[in-house]
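Subject: Structure handover

Hello,

Here is the structure I said I would pass on. My notes on it follow below the model.

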Amino acid sequence: MSSLAIVRDRWRRLRVVNFKRGWNILRLVLGYRKRVMLDGAMPMSLSIEPTTSCNLRCPECPSGLRSFTRPTGMAELEMVENVLVELKDWLVYVNLYFQGEPYLHLGLDEMVRACKRANVYTSTSTNAHFLNPEKASSLVSSGLDRLIISIDGLTQESYSAYRIGGRLEKVLEGTKNVIKARKNLKSSTPLVVWQFLVVKPNEHEVEDVKKLARKFGVDEVVIKTAQIDSPHDDHSLLTKNPKYRRYDKNKTSGKWQLRNPMKNECWRMWQGCVITWDGKIVPCCFDKDAQHEMGGVTEIEEVWSGEKYEKFRGKVFADRKSIKMCTNCSEGTKTYA
């Protein structure tokens with residue numbers, strides 16, 4: 001892995017912060033401490049969902065399970081551009097990902113370019129199955145800052161235990177294509193990150209994925225523990241090594257539960273929000289089925305400071321565990337091994 005590339009990446013995140021954006025961040029921090037959204041404070045980050053469509057069938061993912069109650073579709077570039085026009089004075093980070101596989105959206109590179117015109121640090125996350133040489137070149141040319149590639153196994157057997165329907169060779173090939181395109185175009189971006197989701201079939205490969213990353217020229221490896229909706233003793237994905245899981249068994253009840261106690265706070269929800277492909281505003285990336293819709297993207301400033309959002313924030317600070325999506329949330333817990 002490349003320490004220099006990581007340092008440069010962190011600098012790219014910081015250098016987009018001008019006086020106005022910095023003042024907004026300060027107001028968000030001060031308001032968070034007081035548990036009051038200060039007048040004029042706006043989100044500093046967004047996750048925008050290009051699509052809910054996906055080519056894989058991962059067992060803990062609603063896109064993979066095809067279990068959404070909300071419709072499947074593709075975001076319009078115009079919607080993304082309008083959001084950036086409205087929020088560019090405050091935004092520092094946009095993640096073009098929520099659910100689905102972003103590179104199924106043929107206009108994703110144009111969305112990245114729109115973010116870069118607004119001088120916003122931009123990332124996305126992919127299963128890498130569509131990163132052929134042409135797409136890799138287009139991806140690099142778009143100006144994307146950070147590309148997260150899911151590689152959840154070092155053999156086809158361990159990889160497909162979670163990435164059902166996927167092919168490890170496509171992930172490796174896509175990684176090579178992006179790194180080659182970056183070199184050919186003499187670009188320092190995107191930072192290429194391998195994200196390794198640790199589950200029982202691949203937990204023995206954690207150290208080996210770091211070695212393989214160095215061989216491929218990957219810039220960074222993130223080892224991530226898995227979210228499991230209903231953990232139990234015989235769950236096929238629950239790791240044996242406690243270091244690589246979010247859950248422990250309660251000695252009294254015998255039930256599996258989040259390792260760390262849930263605090264009545266959530267910075268993730270406070271400093272940013274999620275926009276679904278069809279323009280719904282939801283408070284958090286754990287609201288995968290948009291059950292907590294706060295309003296529509298055409299009125300984002302009013303929604304952000306509105307009564308409905310204020311009540312939701314108040315509930316998080318008063319009794320977060322009463323919100324179902326929060327009961328399996330990683331905020332405030334150790335999610336990376």
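The largest cavity holds about 70 Å³ of space. A cavity here is a set of points on a 1 Å grid over the protein atoms alone where a 1.4 Å probe fits but cannot get out, and lining residues have an atom within 4 Å of a point. Grid points are joined across faces, edges and corners, and a volume is the space filled by probe spheres set on the points. The count comes to two cavities of 30 Å³ or more.

Please note that this is a predicted model, in which local features need pLDDT of at least 70 and side-chain atom pairs count only at pLDDT 80 or more, while totals for chains, interfaces and linings use all residues. Residues are numbered from 1 along each chain as its sequence is written, and side-chain values use heavy atoms, with hydrogens and water left out.

The lining of the largest cavity includes Cys266, Cys284, Cys326 and Cys329, along with Met269, Phe286, Phe312, Val316, Arg320 and Met325. By class, that lining has nine nonpolar, no polar and one charged residues. Nonpolar covers Ala, Val, Leu, Ile, Met, Phe, Trp, Tyr, Cys and Pro, charged covers Asp, Glu, Lys and Arg, and the others, Gly among them, are polar.

Next, the second largest pocket, a pocket being an open set with protein on both sides within 12 Å along at least five of seven lines. Its volume is about 640 Å³. It is lined by 23 residues, and Gln227, Asp229, Lys324, Met325 and Asn328 lie nearest its centre. Strand S8 (residues 256–258) gives the most to this lining, with three residues. The classes are nine nonpolar, eight polar and six charged. Helices (H or I, at least four residues) and strands (E, at least two) are DSSP runs, numbered from the N terminus.

On helix packing, the axes of H6 (residues 133–142) and H8 (residues 168–184) come within 8 Å and cross at roughly 50°. Axes are lines fitted to C-alpha atoms, for helices over the stretch in contact, with angles from 0 to 180 degrees between N-to-C directions. H6 is therefore oblique to H8, oblique being what is left after under 35 degrees (roughly parallel), over 145 (roughly antiparallel) and 65 to 115 (roughly perpendicular).

Two backbone details remain. The peptide bond from Thr189 to Pro190 is cis, with omega near 5°, and Pro190 is in the loop between H8 and strand S5 (191–198). Arg35 is not a glycine, yet has a positive phi of about 65°.

Regards
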